[in-house]
Amino acid sequence: MTDFDYDVVFIGSGHAAFHGAFKLLKAGKKVALIEESKLGGTCPNYGCDAKLLLDGPFEVIQDSQNYKGFGLDTTPQLNWEDLMAYKHEWIDRLPIMMKELIPKVGIDVYEGHGKLLDAHRIDTGDKQITADNIVLATGAHDSVLPVTGKAYIHDSKDFLSIPHLPESIVFIGAGLISLEFASMVMKTGAKIEVIEFSDRALAQYDQKYVDKVIARLEAEGVNFHFNEAINGVQKK
């Protein structure tokens, strides 16, 4: 039997990777994670957790608007800069905490770009390690539209760290993330446009519920442009 440094090495350290690593550790396996960015991957650093922290005040605003005319006629005013500082206070510490916690429980962490050399050897940047099994857990990445001026298009990571809200935002695509963000920033008074290539939003969901969501967003000022494609972006 060949001796390997590890039973399993995960390239990537997102939810799927570190949950799998902990289960394997409990089963007596020797495990390692390789991460070239922030430990924890997208969800805690750039996605779910960050959005949930930002989302809370907008839910309060919506609740207060629901009671307009029923004893609560004042809507809270949002301070985006304070909210973003609050988000950073919690989110920025997560990869630091994970960097301290994960090695303590017995999982090795290599910070760098994992490069496959063969079926059992990986170059971590600083050294080569071997594993009986290698798991690619690099996750999903943002799509980049192949259009002129694509450098001006931001992604969800940018939105979740934007220091000051602009007066207007165009969301390309009417998927779940776009509409979540649109439903938030419309409450700040920003002008919102949503451009969607197909003839409907949220294609993976039941149309009768989607229609209600779109009707509400439109009533609150979101402008939808269906059956339209982006040909290019210019800075003006």
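Predicted model: local features only at pLDDT ≥ 70, side-chain atom pairs only at ≥ 80, totals over all residues.
Residues are numbered from 1 along each chain as its sequence is written, and side-chain values use heavy atoms, with hydrogens and water left out. Helices (H or I, at least four residues) and strands (E, at least two) are DSSP runs, numbered from the N terminus.

The volume of the second largest pocket is about 390 Å³. Of the 20 residues in its lining, Leu179, Glu180, Ser183, Val213 and Leu217 are the closest to the centre. A pocket is an open set of points on a 1 Å grid over the protein atoms alone, where a 1.4 Å probe fits, with protein on both sides within 12 Å along at least five of seven lines; lining residues have an atom within 4 Å of a point. Grid points are joined across faces, edges and corners, and the volume is the space filled by probe spheres set on the points. By residue type, the lining divides into eleven nonpolar, two polar and seven charged residues. Here Ala, Val, Leu, Ile, Met, Phe, Trp, Tyr, Cys and Pro count as nonpolar, Asp, Glu, Lys and Arg as charged, and the others, Gly among them, as polar.

Helix H7 also lies on the path between two strands. Strand S7 (residues 168-172) and strand S8 (residues 191-196) run parallel and are joined by five bridges, with Val170 opposite Glu193 in S8. The chain passes from S7 through H7 to S8 in a right-handed β-α-β crossover; right-handed means that, with the strands pointing away from the viewer, the path from the first strand over the helix to the second runs clockwise. In a regular strand the side chains alternate between the two faces of the sheet. In S7, Ile169 and Phe171 form the covered face, and Ser168, Val170 and Ile172 the uncovered one.

Within H7, Ser178, Leu179, Phe181, Ala182, Met184 and Val185 are buried (buried is under 20% relative accessible area, exposed over 50%, partly exposed in between, with a 1.4 Å probe and protein chains only). The buried residues of H7 pack against H3, helix H6 (156-159), S7, S8, H8 and strand S9 (223-226).

Two residues other than glycine have a positive phi. Leu202, in the loop between S8 and H8, has a phi near 45° and is buried, with a relative accessible area of 10%. Asn227, in the segment after S9, has a phi near 55° and is exposed at 56% relative accessibility.

An open sheet of six strands has the order S3-S2-S1-S6-S5-S4, with mixed pairing. Strand S3 (108-111) and strand S4 (115-116) are at the edges with a single partner strand each, so one side of each has no neighbour in the sheet. Two strands pair if DSSP finds at least two bridges between them. Strand S5 (residues 121-123) and strand S6 (residues 128-136) run antiparallel, joined by three bridges, and Arg121 stands opposite Thr130 in S6.

Ile107, in the loop between helix H5 (94-105) and S3, is buried at 0% relative accessibility. Leaving aside neighbours within four places in sequence, Ile107 is in contact (heavy atoms within 4.5 Å) with Ala21, Phe22, Leu25, Val31, Ala32, Leu33 and Ile102.
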